[in-house]
Amino acid sequence: MKTMILITLLLPMVLLNGCKDKPQGKASNMPDSTFAATPAITSNYYFAGEYLYQTDKATLKDQATGSTFTINNGEIATRLAEQYLALKLPTGKGVSAQLLGHLSPTNDVEHTSTNGLTVTQIIGLHPGTNPRGARLTGDYITYVPNNIKPTERFTFSLHPDYTYTFSIYNLSANSSRDATGKWFLLNKNEIQFTNNPLTSFTNKAFINDDGRQLTFKLSKRIYYKQE
C-alpha cells in the first residue's frame, strides 16, 4: 500500500519535469541557428566625385578610381537630381558630390557586367569641383622583412572597378601567390577590403593625405604606391 502511495506522489513530479525539459530543448537550439547565420555586411560605402544630371540620366565621375558610374533610379537618386536642378547651372555643368551607396548591375533583369551606383544617402552636393584628391587605383608594395635583404614582396593592386589583386612574391624562389577581392571606401581616408574566400582576408587600411601610402589597421604594415 505504501508503495502505491509513493508511486502516486512521484508520478506528477516526473511528468512535470518532463514538460519542463521540452521548452529547454527548444531554447538550446536557438543559439546554434543564430550562430550559423551569415553576418550582415554593410553596403553603404563612400563615393565622391563630379555629379552630372542631364536628359534624365545621372552619372558620377568617381574621384578615387576615375571611373564614371551611372546612378541607378530610386528615391534618393530622384532627390539628388532635384537638388542638382535647383542649383540652376548651365547645361552639362557638373557639381561636387559626396554620397553613400553601393555598386550593382545597371540592368537588374539581365544583370549586365556594367556597374551602376545605387545611392543610399546624400552627404553633400554643391557647385564647383571636389578638392584635389588622390587617385587611389594602382599598385602598392611593401617588403617583408623590411631590411636590407627582404625575402618577400607584398603587392596590392587596386583596380578601377573596385576589385583588387593581392600578390605575395617570394624573391628567392621566384614564385608568387595571388588572390582577388573587392575594396570600397568607408570614408575619404579609409578603405575596407572585403572577405576573400581564398585567403579569408578582411582588413581596413588608412590612406595618408597624398594617397601614396596605405597603413593596414591589423598589421600596421605600410604599403607604398609605385610610380
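**Ground rules**

I am working on a predicted model, where local features need pLDDT of at least 70, side-chain atom pairs count only at pLDDT 80 or more, and totals for chains, interfaces and linings use all residues. Residues are numbered from 1 along each chain as its sequence is written, and side-chain values use heavy atoms, with hydrogens and water left out.

**Whole chain**

I noted two helices and 13 strands in the chain. Here helices (H or I, at least four residues) and strands (E, at least two) are DSSP runs, numbered from the N terminus. Of the 227 residues in the chain, 32% are buried. I then checked contacts, meaning heavy atoms within 4.5 Å. Among those between residues at least 6 apart in sequence, 43% join residues at least 24 apart.

**Aromatic rings**

I went back to Phe156 for its ring partners. Rings of Phe, Tyr and Trp (its six-membered ring) pair if their centres lie within 6.5 Å; planes under 30 degrees apart count as stacked, over 60 as edge-to-face and the rest as tilted. I get 16 aromatic pairs by this rule. One of them is the stacked pair of Phe156 and Phe216, with 5.1 Å centre to centre and 25 degrees between the planes. Phe156 sits in strand S7 (residues 152–158) and Phe216 in strand S12 (residues 213–216), so this pair ties together parts that are 60 residues apart in sequence. Phe216 is buried too, at 2% relative accessibility. I also found one aromatic cluster formed by Phe154, Phe156, Tyr164, Phe166, Phe193, Phe216 and Tyr223.

**Strands around S7**

Which way do S7 and S8 run? S7 and strand S8 (residues 163–170) are antiparallel and joined by seven bridges; two strands pair if DSSP finds at least two bridges between them. Thr155 has Ser167 in S8 as its bridge partner. S8 also pairs with strand S9 (residues 175–187), in the antiparallel sense over eight bridges. There, Thr165 has Thr180 in S9 as its bridge partner. The hairpin of S8 and S9 has four residues between the strands, and Asn174 in the turn takes a positive phi of about 55 degrees.

A reminder to myself: most residues other than glycine have a negative phi, and most peptide bonds are trans. In the hairpin of S7 and S8, which has four residues between the strands, Tyr162 has a positive phi near 65 degrees. Tyr162 counts as buried, because its relative accessibility is 0%. Lys88 is not a glycine either, and its phi is positive at about 55 degrees. I located Lys88 in the loop between helix H2 (75–86) and strand S4 (95–105). Lys88 is exposed, with a relative accessible area of 73%. Finally, I checked omega and found a cis peptide bond from Val144 to Pro145, near -10 degrees. Pro145 is placed in the loop between strand S6 (138–144) and S7.

Notes
Buried means under 20% relative accessible area, exposed over 50%, partly exposed in between (1.4 Å probe, protein chains only).
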